[in-house]
Amino acid sequence: MVEDIETIEQTMKRCRTETLRLLHRIPPTLGDRQWHPDFSPIDWHFGHIAFTEALWLLPESERERFHGPAYQKLFRADGLPKAQRCALPNRDAIEQYLGDVRAAVERVWQSPPLRGIKARQGYGGGSYSTKSNIAKQSVF
């Protein structure tokens with residue numbers, strides 16, 4: 001059980017920092033190669049992370065700008081066969097996409113509707129289950 005929204009945010013920030021640390025350990029010249037038929041290129045995974053964060057964490061009105069037809073086809077898990085995932089945007093473009101999605105998620109998480117969940121839950125000492133209570137509330 002997650003105690004509060006701040007805990008979720010802190011956990012997300014740690015995961016995001018680690019994601020970027022891993023990305024920066026891989027030379028850009030190696031990121032678009034398929035090293036094994038069962039694996040997608042490494043850089044594809046970072047685009048897929050951005051695509052999935054937008055899908056799961058943004059309201060539909062925000063999500064649309066990150067899910068254009070090209071990225072729908074490229075970064076959806078079922079968009080292209082793995083062997084066709086090598087024709088990627090360059091590393092800088094993928095990292096920019098990831099950063100833009102994460103900035104949009106941050107704006108949404110800082111928005112009054114989501115912040116209102118804490119107030120309605122009596123935040124300031126009480127904990128709640130995000131699965132049960134957040135799901136019951138209309139955030140967007």
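A pocket, as the word is used here, is an open set of grid points where a 1.4 Å probe fits, with protein on both sides within 12 Å along at least five of seven lines. The model on your screen is predicted, and in it the second largest pocket holds about 230 Å³ of space.

To bring this pocket into view, select Met-12, Cys-15, Arg-16, Thr-19, Ile-49, Thr-52, Glu-53, Trp-56, Leu-57 and Arg-102, which line it. Two elements, helix 1 (5–25) and helix 2 (42–57), each give two or more residues to this lining, and helix 2 provides the largest share, with five residues. If you colour the lining of the second largest pocket by residue class, you will find five nonpolar, two polar and three charged residues.

Cys-15 is called partly exposed because its relative accessible area, 47%, lies between the limits of 20% and 50%. Cys-86 is likewise partly exposed, with a relative accessible area of 28%. With a disulfide taken as a pair of cysteine sulfur atoms within 2.5 Å, the count of disulfides comes to zero.

Next, return to helix 2 and select Ala-50, which is found in that helix. Ala-50 has a relative accessible area of 0% and is therefore buried. Leaving aside neighbours within four places in sequence, Ala-50 is in contact with Tyr-97, Leu-98 and Val-101. To finish, draw a distance between the C-alpha atoms of Ala-50 and Val-101, which are 51 residues apart along the chain and are separated by 6.1 Å.

Conventions
Residues are numbered from 1 along each chain as its sequence is written. This is a predicted model: local features need pLDDT of at least 70, side-chain atom pairs count only at pLDDT 80 or more; totals for chains, interfaces and linings use all residues. Side-chain values use heavy atoms; hydrogens and water are left out. On a 1 Å grid over the protein atoms alone, a cavity is a set of points where a 1.4 Å probe fits but cannot get out, and a pocket is an open set with protein on both sides within 12 Å along at least five of seven lines; lining residues have an atom within 4 Å of a point. Grid points are joined across faces, edges and corners, and a volume is the space filled by probe spheres set on the points. Helices (H or I, at least four residues) and strands (E, at least two) are DSSP runs, numbered from the N terminus. Ala, Val, Leu, Ile, Met, Phe, Trp, Tyr, Cys and Pro count as nonpolar, Asp, Glu, Lys and Arg as charged, and the others, Gly among them, as polar. Buried means under 20% relative accessible area, exposed over 50%, partly exposed in between (1.4 Å probe, protein chains only). Contact means heavy atoms within 4.5 Å.
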